[in-house]
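User: I am new to reading protein models. Please take me through this one, step by step.

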Amino acid sequence: MICLAEISREELMRQKDFINKIFDLNARSGKKPLAFVETYGCAQNFSDSEKISGMLSDMGFDFCARRNDADLIIFNTCAVRENAEMRVYGNIGAVKTLKRRKPGLLLGVCGCMMQQNGVAEKIKKRYPYVDMVFGTHALYRFPEILSGAMEKRRVFDTENSDGAIAEDISCRRDKPPLAKIPVMYGCNNFCTYCIVPYVRGRERSRKIENILSEVKNVASEGYREVMLLGQNVNSYGNDLDCGTGFAELLSRVCRIDGIERVRFMTSHPKDISDELIEVMAREPKICKQLHLPVQCGSDRILAKMNRKYTKEKYLEIVRRVREKMPDIVLTTDIIVGFPGETNEDFAETLDILKKVRYDTIFSFIYSKRAGTPAAEMEDCLTEEEKHRNFDEMIKVQNEISKEINDKYLGRTEKVLVEGESKNDPAYMCGRTDGGKIVNFKGDKSLVGKMVSVCITKTQTWSLGGEIREV
Ligand code: SAH
Ligand code: SF4
Ligand code: F3S
């Protein structure tokens, strides 16, 4: 059993010195510079961006909502699929004209893409106006990196270590009620299509006392819901020698006063234990929602993906979960067009969607990732066939999602209000215990409150309703 180190106090103090230095420089300039942080990818990256913004805030920066107004632009990138990468290159390209107009503008590119072989080199050569490039393992060194860039040095910091954990970094979160708390970093699973273990390193769990103290802090700041984050939260604690697993962590988080809802993401099916199902069913604070990526329904493809379960085994987990929590909201991820997937394999995926009847799926067409085993595997379907299958799957799932949502009509749901609805500021938006989005008429004073909403309208992706009581 190994227990990976945390970044030392001394090193964090060294970074603090850079923070103070930049703060003084900004204070002397008489005007707070504006930062714009744009984030791609998953919740882990969004959580990292909250830390980047926290450090920027400590360094005396304010924030703006448009790239054009910024004195500092940071792109926090994702490498999971090619289209995510293309968007990043497009956006780096677009900053060139901005930099011409505003020579003092600083541009930093960070995150998962920067840990990929060759990417930092490519940026160095093709985009000479990028001032800073740093990977996921260098996040805590951002103050030092920015200090270098402010002294007109180009800084490249993409060292590929498994990254000891840096605790106590400032965090600028979204406003209450929801706080995202990472409980572990990295992944050991090496699904053959996936780049994440290469760019995020091996699994490292945070110490339970650090997680609990962060949850206590956010509770005291008025957050009422926490989302515990990790690429595979069910293996939380496997690398610690204290014997605490994820089920135990969940029940201890539930004991913290002020926190009313606890969610988590993501769970690998192979690691769903009876203990976890028990604790979810027992603890009223744990939301009855489970994101359980299946990826596909064919045993042959699941084996090639290195997912370590079969379709039958997966269905058995779903049965166990539903036996204890009949109303649980289940969601999943699906990849269409993995190398070697035939139309018969795809039919198995449709079959599992019909058998499980997920509330929602997140679906992707396979994207080749250099350096992963699947990149070397033979393909058989054409792009056109893959798109046809993808469209068919969406059609099948949309019907299922709508049928499930229709059952909510007339029900009264407890909704934790998160903010204004995206489309209409006269409407507010929040989530049910199961994580379903509900829009209803109301005003900003409701943000952070738990309200009862009677569902009067259903759509494929969301519900609409009328507020009953606050
Ligand atoms: N750790 C999580 C999520 C990883 S990334 C998990 O294991 O579920 C989120 C999703 O992106 C994955 O579940 C998978 O469906 C998808 N994904 C990962 N690599 C991909 C690739 N190369 N092409 C297409 N989709 C991919
Ligand atoms: Fe990628 Fe698989 Fe790890 Fe998820 S579990 S991050 S899909 S390797
Ligand atoms: Fe993307 Fe990195 Fe998350 S590759 S999906 S941002 S861990």
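Analyst: Val226 touches Leu178, Ala179, Ile181, Val215, Val218, Val253, Ile259, Arg261, Val262 and Arg263, leaving out residues up to four places away in sequence; contact means heavy atoms within 4.5 Å. This is a predicted model, where local features need pLDDT of at least 70, side-chain atom pairs count only at pLDDT 80 or more, and totals for chains, interfaces and linings use all residues. Residues are numbered from 1 along each chain as its sequence is written, chains are lettered from A and ligands numbered from 1 in the order in which they are written, and side-chain values use heavy atoms, without hydrogens and water.

User: Which residues touch the most other members of the largest nonpolar core?

Analyst: A nonpolar core is a set of buried Ala, Val, Leu, Ile, Met, Phe, Trp, Tyr and Cys residues joined through side-chain atoms within 4.5 Å. Buried means under 20% relative accessible area (1.4 Å probe, protein chains only). The largest core has 84 residues, and those touching the most other members are Val226 and Leu228.

User: Why is helix α5 largely enclosed by the rest of the structure?

Analyst: Helices are DSSP runs (H or I, at least four residues), numbered from the N terminus. The buried residues of α5 include Phe142, Ile145 and Leu146. Helix α5 spans residues 142–150 and is largely enclosed because its buried residues number seven of the nine.

Notes. Buried < 20%, exposed > 50% of the residue type's maximum accessible area, 1.4 Å probe, protein only. Helix = DSSP H or I, 4+ residues; strand = E, 2+ residues; numbered from the N terminus.
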